[in-house]
Amino acid sequence: MYIPNLLRNSPLFYMEEIEKWFKVKRYPHIGLPITIRDYGRVREYVNNSSKIAKHSFLPLINKSILKRRYRANKTLKKLTPTRKRERIKDKPKVRDTYFASHIDAMIFSKYSYFLTDKYEKFVEKMPFNDSIVAYRQIAIVKGAKGNKCNIDFAKTAFEFIKYSDQENLTVIVADITSFFDNLDHKILKKNWARVLDNITLPPDHYNVFKALIKIKYVVAQQLFDFYNQTMIVERGVVNSDVKKEFKRKKINNLRFAKEKKAVAYCEKDEFLAKNLSLIISKNNKTGIPQGSPISATLANIYMLDFDSRVYQEISNIGGFYQRYSDDIIIVCKQEDENVAINLIRDAIKSNEVKLIVEPDKTKVYHFEKRGGDFLGFAINEITKNPIYGKHLEYLGFSFDGKRVLIKSGGFAKFYRSMKGSFNRAVDYALNSKNPDKSLFMGKLYKRFTFKGANRKLIYRPSKLDPKVFEASRTYYWGNYLSYVYKANETLKALNGNDAVKKQSRKFWNKFSSLSKLAKSKL
């Protein structure tokens, strides 16, 4: 974490390095956000197990995220030059996310780091250790900097398929239904204690566990409306570069909260005095809030018995098993296809897991050598008929046996984001006080073209001498094209060419077209 010189030279900074679990967030919640100057106070509190055992957690803030979805228009039976393939809007996917108050999030983060260390020590000698890849720091090369990401994990699976000595393979991809919403509380508690090498949970861990299973939350929009669409915002103090003040200001829409630098809906004491009636309780026997700093760690702990059983039985038939959170991939010989499918479904619904994999979320693919080529295609699980042209999809990539490509959905999302940003840029230019109606093209170039794709260390002015720039510990991580170029480099050996990079060729022309259209509106 970047530590300003101003803080280093102050009595507040007494540690050589701030611990990794201390992550400052700026999202609005109940109470003002924690700053880096609060590190000493927060560290002392979260490390006191007696205080955590008695800590009263505030309700979570709930937001529903709508993800637009599209499907092919099947009414167009015959395509012509004037009648091209098109997509129509499907029912959007709704995902509920929950945000903990800032001090609660620090507690979850600290316990997440503690449990991650315990989990890693628990599974490091287990045979399935390398098969569990989500929410872990797995080095690309042991002893060197740099950890693997979804690109590397997908590559591992695709390499197993491509370089297998079997001519006929089956690949099964399964997606666990509503994973975080259906975690059984008794199983979670048992495995949590197991990782700690205890019979039951210590008082502090039990209090954290209760906060996650007895979910209490407030809908963000309702809290926003209660205060007549006003929020506490941060503003600078006149004639001061350092001092800040907080004021309650009107905000036209909750989606503008970040833009207006909103930091809180209300103060903690104010909430406890006026807003308790807004709290909603979920008293179900399953589920933990998705989005909390500890949820991902607990997901891996929960799946210990499943991972052990599936890995062992798939290994016994010479297959491959990998789990990335709720995405499961199994590769086996075609003669073992039914064994593998039944194993997944039986292990998922067993008393050790009690989850669900819906049949329509289980995809089956065959890879076969035909005419000297190694080809992959989907299979109808019921009729066993091949579906040619439909290729294996896993972790955002598609694989047909010859080459790996990024799924088209990723590029479609990038283009929609680009188009929306140009529309907003035009709106800001037309309604701003700037007389030349600037589009701020520099920001658009940086976000959507190769000009902003280079990842680099950020330098900031020194607090002691503004003319001197010092290296921070923060990186500019680039844009979506940075991900495309990284995927291309990682998969280049497998593809034998720059197939992934070539997928992005059209975006410069699309950017130029949108730029010309935007300028014509001004």
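## Helices α14 and α17

The crossing of α14 and α17 is right-handed. In this predicted model, helix α14 spans residues 441-448 and helix α17 spans residues 506-520. Their axes come within 12 Å and cross at roughly 160°. Angles over 145 degrees count as roughly antiparallel, so α14 is roughly antiparallel to α17.

On the side of α14, the contact is made by M441, L444, Y445 and F448. By class, the contact of α14 with α17 has six nonpolar residues, one polar residue and one charged residue.

## Helices α13 and α14

Helix α14 also packs with helix α13, which covers residues 408-431. The angle for this pair is about 175°, and the axes lie 11 Å apart. The two helices, α13 and α14, are therefore roughly antiparallel to each other.

From α13, the residues F414, S417, M418, S421, F422, R424 and A425 take part in the contact. They meet M441, L444, R447 and F448 in α14. Sorted by class, the contact of α13 with α14 has seven nonpolar, two polar and two charged residues.

## Helices α5 and α15

Helix α15, residues 480-495, packs with α5 at an angle of about 25°. The axes of α5 and α15 are 10 Å apart. Angles under 35 degrees count as roughly parallel, so α5 is roughly parallel to α15. The crossing in which α5 passes α15 is right-handed.

In α5, the contact involves N150, I151, D152, K155, F158, E159 and K162. Their partners in α15 are Y483, K486, A487, T490, L491 and L494. The contact of α5 with α15 divides into six nonpolar, two polar and five charged residues.

## The second largest pocket

The second largest pocket holds about 1,400 Å³ of space. It is lined by 49 residues, of which T116, E120, Y135, R136 and Q137 are the closest to its centre. The lining divides into 25 nonpolar, 14 polar and 10 charged residues.

β3 (87-99), α4, α5 (150-162), α10 and β10 (320-324) each supply at least two residues. Among the elements, α4 gives the most to the lining of the second largest pocket, with nine residues.

## The second largest cavity

The structure holds two cavities of 30 Å³ or more. The second largest cavity has a volume of about 30 Å³. Its lining is formed by T116, Y119, E120, Y135, R136, T297 and N300. The elements that give two or more residues to this lining are α4 (102-123) and α10 (295-302).

With three residues, α4 gives the most to the lining of the second largest cavity. By class, the lining of the second largest cavity has two nonpolar, three polar and two charged residues. T116, E120, Y135 and R136 line the second largest cavity, and T116, E120, Y135 and R136 are also among the residues closest to the centre of the second largest pocket.

Conventions
Residues are numbered from 1 along each chain as its sequence is written. This is a predicted model: local features need pLDDT of at least 70, side-chain atom pairs count only at pLDDT 80 or more; totals for chains, interfaces and linings use all residues. Side-chain values use heavy atoms; hydrogens and water are left out. On a 1 Å grid over the protein atoms alone, a cavity is a set of points where a 1.4 Å probe fits but cannot get out, and a pocket is an open set with protein on both sides within 12 Å along at least five of seven lines; lining residues have an atom within 4 Å of a point. Grid points are joined across faces, edges and corners, and a volume is the space filled by probe spheres set on the points. Helices (H or I, at least four residues) and strands (E, at least two) are DSSP runs, numbered from the N terminus. Ala, Val, Leu, Ile, Met, Phe, Trp, Tyr, Cys and Pro count as nonpolar, Asp, Glu, Lys and Arg as charged, and the others, Gly among them, as polar. Axes are lines fitted to C-alpha atoms, for helices over the stretch in contact, and angles run from 0 to 180 degrees between N-to-C directions. Angles under 35 degrees count as roughly parallel, over 145 as roughly antiparallel, 65 to 115 as roughly perpendicular and the rest as oblique. A crossing is left-handed if the near helix is turned anticlockwise from the far one by less than a right angle, and right-handed if clockwise. Contact means heavy atoms within 4.5 Å.
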